[in-house]
Amino acid sequence: IINNYLDGTQEEAVDKASSSGMHFRDSKRKVDYVLAYHYRKRLARHPPSVASPEPTRGSASLAMVSNGGTGKGRANPQQQDSGQHTLQEQPGPPNVEVIELGPLDTLEEEKRLQREEYERNLVEAGLEIEKDPENKSQGLSFVRIHAPWQVLSREAELLKMKMPTKKVYEITEEGGILKTLNEIWCKLTEPLQPQVPQHENNNMKTLSYPFSREKIYLYNIKDKDTFFDNATRSRIVREILKRTSAKARNSMGIGTLIANNVYDSAYPLHDGEYEGQSDDMNDRKLLYREWARYGAFYKFQPIDLIRKYFGEKIGLYFAWLGLYTEFLIPSSVVGIIVFLYGCITIESDIPSKEMCDQRNAFTMCPLCDKFCDYWNLSSACATARASHLFDNPATVFFSIFMAVWATMFLEQWKRLQMRLSYFWDLTGLEEEEEHPRPEYETKLLQKKLKNKNMATENPSEDEKDKLTWSDRMPGYATNFGLILFMIMLTFSAVFGVIVYRITSAAALSFSTSETTRSNVRVTVTATAVIINLVVILILDEIYGAVAKWLTEIEVPKTEKTFEERLILKAFLLKFVNSYAPIFYVAFFKGRFVGRPGHYVYVFDGYRMEECAPGGCLMELCIQLSIIMLGKQLIQNNLFEIGIPKLKKLLRKLKDERTEPKEVDTNQSKDPQQWHLDYILEPFTGLTPEYMEMSKFSEFASLSATTSFP
């Protein structure tokens, strides 16, 4: 058990927490990662023979645990010299009556023991940790983690991280007209450039090489505290947290502990506040001022600063997003031109002129069998004229343009990706060996415990050190069956909306109101699209959760394999969900109607629906518009902005409500950075972002290609 009691002098040090909120209380060691958890303690009673007016805590307050910490938790000098990091145990207070624990107290005690074992293993791994004293009967506590140079250099070598060396070489640029055009472009776009610090000489590049402690003289190490930036330090500590286990309780890594509610969350710290009037400038405040606010929408992205602060993966995502946004500008301009061309030529369109001419008395067959009368084709004049706005000769050109646009975008992204990979030293990143996921190691550990006797009988354990096909067969079978069921569920929802269209159109045709009967098609189309939108939004959330669960039961070995399988499942399910009703309108609606005297019926009384006289493209435009705008307003604004803010507020209110109104003498008046970051919503990964962007790009391409039929 890790016990580190505070005496009077140390209690004074607790009050003087790091003013910046980024360091330990000694203001020297940087906080690289934070673990947060809720605790609840029982009050132990002194026996009657002990004269004590107040009860005493059943367990001592945990304060500071560190390899080089102070107080009674520090290892003795001999142990420090030998490289072993141990902690002395402190006996509990004397004359304390032992009280039997209830079920809830037993669970809390089990969590406490798991935390202590896990933190002890972190200390043995070389990390230095600092804990808040638990001065309340229940509340929120934080474990701050610092990685010293020895740990950073060891893990950087293990992870084969590329670090800058002393070798610098010059990047030569081609001259001629391209250089002149580039200089002119830089002059024109200078007001759009973000005001962030730039390298002194952009033509010079530092050679990077996988870190090696044996060749440390090759690296440009000016200061060991700043050689590894914040993103690299956080990544190293995260890797240690993921593979450090508490094997006595079958928990593998921080992910398992968070899933079991032993810890609430684990996160690195931001570089301070991004708002406020303070003159202290940090990367977070600079990113907010020049990038992450609505007032800076017109500026280019500071990609290098984004990469420095968030890491390469997020940097590449925003580089892709910026290029995608730039390419949407010409496509939107061409789309507007095509629309304006339809507006200009609407009076000269021969099909719509013939339909709108009152002198041409084209009598059409009834739209339903019993209550519908014959009708004149000129009554569909408005629909025909509106269809011409989106279905005119220029639309074919727009479709060809979008096909070329997609190819150019992909090629330009390949070029930008290779350029960033070169400047960010990401070449060869895919060849690096990945470590197994904690869930995979847990499953493997369970398999080994189940087959203990085989480990001693067979010296060759290659087959037993990995999950085989038979181990994953139940997961694969569940995946196949559930994905097939989800696809059938989507088709059932689309068929249900089709039945709604048919029945509601027939019901509205019975209306005695002339206005209702004349607007049957518009009413049915609008309401059916809204129903489609609601179904798509609901199934999108369900399919995202199902895809994640299906990927987890497959137990992929590495994070890369996990992400690939998750993207495949999520894209398949969400693609079918989003595009099934659109494909029906674009390619199938109106093709199975039949002919007068031999119509196709469903449910022995309802005729199959058919397109409007001007075609189905207008209805397709309405469907695309409502679904895209609805998803943008509801899913993007409500789900991605509103709900996270609401969760943040509820989380803050919950913490304030659950914590008792006790005075914590160890908490400073101003909240520290780890308190402020705790109430933020956890990062869920880039997969949902890529899925969202891919769906919108597919919507755009689909709206162009559907003009060919």
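This is a predicted model: local features need pLDDT of at least 70, side-chain atom pairs count only at pLDDT 80 or more; totals for chains, interfaces and linings use all residues.
If you want to find the largest cavity on the screen, look for its lining residues, among them Thr490, Val494, Asn532, Leu539 and Pro581. Three helices each give at least two residues to that lining: H17 (469-509), H19 (520-554) and H20 (559-588). By class, the lining of the largest cavity has seven nonpolar residues, three polar ones and no charged ones.

Now for the second largest cavity, which holds about 40 Å³ of space. Its lining includes Val494, Ile498, Arg501, Tyr584 and Gln623. Which helix supplies the largest share of this lining? That is H17, with four residues. The classes here are six nonpolar, two polar and one charged.

Let's move to a pair of helices. H9 (residues 283-290) packs with H10 (residues 303-310) at an angle of about 140 degrees, and their axes are 11 Å apart. Angles over 145 degrees would count as roughly antiparallel, so H9 and H10 are oblique to each other. Their crossing is left-handed. On the H9 side, the contact is made by Asp283, Arg284, Leu286 and Leu287, while H10 brings Leu305, Ile306, Lys308, Tyr309 and Phe310. Sorted by class, this contact of H9 with H10 has six nonpolar residues, three charged ones and no polar ones.

Key: Residues are numbered from 1 along each chain as its sequence is written. Side-chain values use heavy atoms; hydrogens and water are left out. Axes are lines fitted to C-alpha atoms, for helices over the stretch in contact, and angles run from 0 to 180 degrees between N-to-C directions. Angles under 35 degrees count as roughly parallel, over 145 as roughly antiparallel, 65 to 115 as roughly perpendicular and the rest as oblique. A crossing is left-handed if the near helix is turned anticlockwise from the far one by less than a right angle, and right-handed if clockwise. Contact means heavy atoms within 4.5 Å. Ala, Val, Leu, Ile, Met, Phe, Trp, Tyr, Cys and Pro count as nonpolar, Asp, Glu, Lys and Arg as charged, and the others, Gly among them, as polar. On a 1 Å grid over the protein atoms alone, a cavity is a set of points where a 1.4 Å probe fits but cannot get out, and a pocket is an open set with protein on both sides within 12 Å along at least five of seven lines; lining residues have an atom within 4 Å of a point. Grid points are joined across faces, edges and corners, and a volume is the space filled by probe spheres set on the points.
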